[in-house]
Amino acid sequence: MDEQYIKIGSVEELLQSLQSPGAVILCGGTDLVVKMRKGLLSAKTLLDISDLDQLREIRQERGCIEIGAAVSFSQIIEEAIIREQIPILAMGLRKLGSTQIRNRGTIGGNLVNASPAADSAIPLLLLDAEVVIADSTGERRVQLEDFLCGPGKTVLKQGEFLSGIRVPIPDPEFSSFFHKVGRRKALTIAIASLGALLRMKDDAIDEIRLAAGSVAPAPIRLHPVETLLAGRRVTPQSVEQARNIIRQCISPITDLRATADYRYQVIADLLARLLLTMPN
Amino acid sequence: MKISFTLNGKQILVEADEETRLLDLLREDLHHTGTKEGCGEGECGACTVLIDGRAVNSCLVLAPQVDGKELLTIEGLSQSVSLSSADQGDECRLHPIQRAFAEKGAVQCGFCTPGFIMSTYALLLKNSNPTDEQILTALEGNLCRCTGYLKILEAVRYAAELMRGNK
């Protein structure tokens, strides 16, 4: 490693520095430093945005909460407006890494890293979050679902950076679920994870949103299962149908953590558990 | 490049390569070897230190990132209750958390201990009377291969009592 290191002091400086070839943004370092040391990533210049205050704010404005890309997971979990208005996000992030990792790792970093297992992506997909992408000409917004393209791949182009995430505040009637299967509770990369936002009406499911991790090239929303379940009561038949449909939505692989077969089984079981244990 | 930060209450200025990890800066350049390297990937917590009051893995932080920050390592913890008289026994210089770990037998090989103690310190800094669940969350990033964790849990409960002045 013989990178040049620049501590970035403003968004303007960041945009300018991003022009140089081989420039890589560094923030919490929880993924990046490990990758660099393993030789999986080479950078000519490291642009450290960890002290860039413009990207470290959480703001509420007109039905939305905006979270800067360099906000740490701990900051998000501790923020009262997040816990009150989008509890699913705090719930999911508490399962991410460990205390030390949550103190350093950032929401923008987790999304740009684009792991199929990214824990922060599950609640954000459920919330219909948008990412804000900036370059020297301005800003564009992209649905998170469209931002994540596959392992390590996003729609970010040369010269662009992820400046923040916009989360529409959901109906407070939604109940939140997040379940992650792994080898241990902390510091585990999910074998499979399932999150849900659920609202009931007269003993039937009024609306359900579902998202899963580690069962496709990127974390995904499970729209066909959502459509199937909307307006229906939870019965042995509807659970069985949902189990079948969810298997068609995913494309898991066998890797060092689990087999594809196991992932098919466990994601269907997580969904059944969620449906059978939900509040009336 | 030159890096300036507060280490255990003292302002220091050091020269470090840009890609040096904080862990290596502490151990190799500053000879603060209480901070240990276990996995080097943020999985084990043996290298835990506090930056601006929060527990972090020093193996995942690059040295220039701590410029202007306040760092606390295990060495700073024992100093912070050090007594002026040189003839006081070692035990007197221990921080209450260190005393609790020793008294409750929460140490076997000792390699993970500085990390556990720093994570405990970060917890008790914010929460003087944590529940068992809060203790386990604070320590979830630290691995111990010897103790089976029960004695560590006991030690943290006891340390909290000591620091609240109950014993």
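This report describes strand pairing, a helix contact and the cysteines in a predicted model.

Residues are numbered from 1 along each chain as its sequence is written, and chains are lettered from A and ligands numbered from 1 in the order in which they are written. Because the model is predicted, local features need pLDDT of at least 70 and side-chain atom pairs count only at pLDDT 80 or more, while totals for chains, interfaces and linings use all residues; side-chain values use heavy atoms, with hydrogens and water left out.

**Strands**

Helices (H or I, at least four residues) and strands (E, at least two) are DSSP runs numbered from the N terminus, and two strands pair if DSSP finds at least two bridges between them. In chain A, five strands form an open antiparallel sheet in the order β4-β5-β10-β6-β7, with β4 (58–61) and β7 (138–143) of chain A as the edge strands, each pairing on one side only. From one strand to the next, the twist averages 25°. In chain B, β1(B) and β2(B) form a hairpin with two residues between them, and B:N8 in the turn has a positive phi of about 50°. Two antiparallel pairings are set out below.

| Strands | Bridges | A bridge pair |
|---|---|---|
| β1 (residues 2–7) and β2 (residues 10–15) of chain B | six bridges | B:K2 with B:E15 |
| β6 (residues 130–135) and β10 (residues 161–168) of chain A | five bridges | A:V131 with A:I165 |

**A helix pair in chain B**

Helix α4 (residues 96–103) of chain B packs against helix α5 (residues 113–126) of chain B at an angle of about 130°, with the axes 10 Å apart; here axes are lines fitted to C-alpha atoms, for helices over the stretch in contact, and angles run from 0 to 180 degrees between N-to-C directions. The two helices, α4(B) and α5(B), are therefore oblique to each other, since angles under 35 degrees count as roughly parallel, over 145 as roughly antiparallel, 65 to 115 as roughly perpendicular and the rest as oblique. The contact (heavy atoms within 4.5 Å) involves B:I97, B:Q98 and B:F101 of α4(B), and on α5(B) residues including B:F116, B:I117 and B:L124.

**Cysteines**

Taking a disulfide as a pair of cysteine sulfur atoms within 2.5 Å, the structure holds zero disulfides over all chains. B:C39 is in no disulfide, and the nearest cysteine sulfur, that of B:C44, is 3.8 Å away. The sulfur of B:C109 lies 3.9 Å from the closest cysteine sulfur, in B:C146, which is too far for a bond. With buried meaning under 20% relative accessible area, exposed over 50% and partly exposed in between (1.4 Å probe, protein chains only), B:C39 counts as partly exposed at 32%, whereas B:C109 counts as exposed at 58%.
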